[in-house]
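User: Please take a close look at a single part of this structure and describe how that part is packed. Then go on to the ring contacts elsewhere in the chain.

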Amino acid sequence: MAQFHFTGATTYNTSNESGSHGWVAYECIDWDGLFSHKARDPSDTPIQLRWKEKSDIQVAGMLSFYILTKGKHPFGPKIVRLMNLHANNPEHLRELSDPVVKDLLSRMCARELDKRPYVEQALKHPYFLSLEEQMKFVETVGNEPKLKNYCAVYRQLNNLDPSKPRSPLLPKDWKTVIGHDDLDTLCRGGYRSPSLYNGSRYTDCLRLIRNTFQHRDGKLHQLKKKTRTTSSVEEYFSQLFPTLPLVLHQIIREDPVWKKLPALKEFFPEINRHTVSDVD
């Protein structure tokens with residue numbers, strides 16, 4: 001990583017394949033050599049392997065999974081590990097029950113480089129954000145004027161596009177999750193009555209959350225679905241909708257327009273670096 005850090009590069013071309021067996025990124029393995037019956041002649045032109053900055057991201061994803069599962073590899077036991085890596089089949093990721101960490105490691109372990117995040121982007125994944133940062137992200141999305149338009153994000157959030165259905169990680173009816181009494185409390189003093197919110201539309205849910213954050217006066221202690229440890233309205237909404245930041249992140253990171261919006265840039269950093277070659 002030092003080579004990348006000091007040069008600002010994304011690719012380091014080398015003729016050496018290095019790393020522990022099964023713990024090397026996809027693009028750093030001589031696949032032609034592995035699938036060939038012929039032994040490489042020492043006089044042949046050295047192979048050129050691409051060790052990229054994102055290669056470390058894939059290996060970091062493997063190691064993170066190993067730590068979380070206390071000794072397992074995302075691509076399986078040694079006998080099938082390389083074949084699964086070649087087939088882009090991290091079969092053991094399905095063992096993770098937390099959808100947030102599963103989403104992060106799925107991206108980090110992806111075979112294709114353009115599917116993996118840079119380290120700065122990985123650190124902006126909801127898994128690494130504090131509760132306050134996650135709720136700031138949710139509020140920022142709810143504040144975005146484009147959300148009022150019939151755009152792709154609006155359609156997917158509200159399950160209006162059959163080709164891009166809303167994630168099943170979100171409850172079908174968010175109003176039911178909040179409940180009638182708490183909805184009355186949250187709407188008190190606002191411009192919209194509970195009946196004007198549509199339970200199947202998550203753009204309405206975001207609007208309610210945004211309005212609550214901006215007009216919170218004394219509402220927390222009146223909420224019936226808070227727990228004894230709930231200390232803020234941010235924590236209240238996080239407890240009711242723990243996967244909402246993740247689903248928003250999944251939708252927006254795939255939208256080339258939304259992830260570049262000024263208000264959202266801090267959550268989706270753009271990375272521009274150049275390629276360097278092995279100088280040895």
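Analyst: Contact here means heavy atoms within 4.5 Å, and helices are DSSP runs (H or I, at least four residues) numbered from the N terminus. The model is predicted, so local features need pLDDT of at least 70 and side-chain atom pairs count only at pLDDT 80 or more, while totals for chains, interfaces and linings use all residues. Residues are numbered from 1 along each chain as its sequence is written, and side-chain values use heavy atoms, with hydrogens and water left out.

Helix 4 covers residues 78–86, and its buried residues include Arg81, Leu82, Asn84 and Leu85. Buried is taken as under 20% relative accessible area, exposed as over 50% and partly exposed as in between (1.4 Å probe, protein chains only). These four residues lie on the same side of helix 4, because the arc that they cover around the axis is only 165°; the arc is that of the directions from the helix axis to the C-beta atoms. An α-helix has 3.6 residues a turn, so residues three or four places apart point the same way.

Tyr26, Trp31 and Phe35 make up one aromatic cluster. Tyrosine 26 also has arginine 111 over its face, 5.6 Å from the ring centre. Over the ring of tyrosine 197 sits the charged end of arginine 192, at 4.6 Å from the centre. For a charge to sit over a ring, NZ of Lys or CZ of Arg must be within 6 Å of the ring centre and within 35 degrees of the ring normal.

The whole structure holds 11 aromatic pairs. One of them, tyrosine 150 with tyrosine 154, is tilted, at 5.7 Å centre to centre and 55° between the planes. Rings of Phe, Tyr and Trp (its six-membered ring) pair if their centres lie within 6.5 Å; planes under 30 degrees apart are stacked, over 60 edge-to-face and the rest tilted. Tyrosine 150 is exposed at 54% relative accessible area, whereas tyrosine 154 is buried at 12%. Phenylalanine 213 and phenylalanine 237 form an edge-to-face pair, 5.9 Å centre to centre with 75° between the planes. This pair links distant parts of the chain, with phenylalanine 213 in helix 11 (residues 202–214) and phenylalanine 237 in helix 12 (residues 233–240), 24 residues apart. Both phenylalanine 213 and phenylalanine 237 are buried.

Key:
Helices (H or I, at least four residues) and strands (E, at least two) are DSSP runs, numbered from the N terminus.
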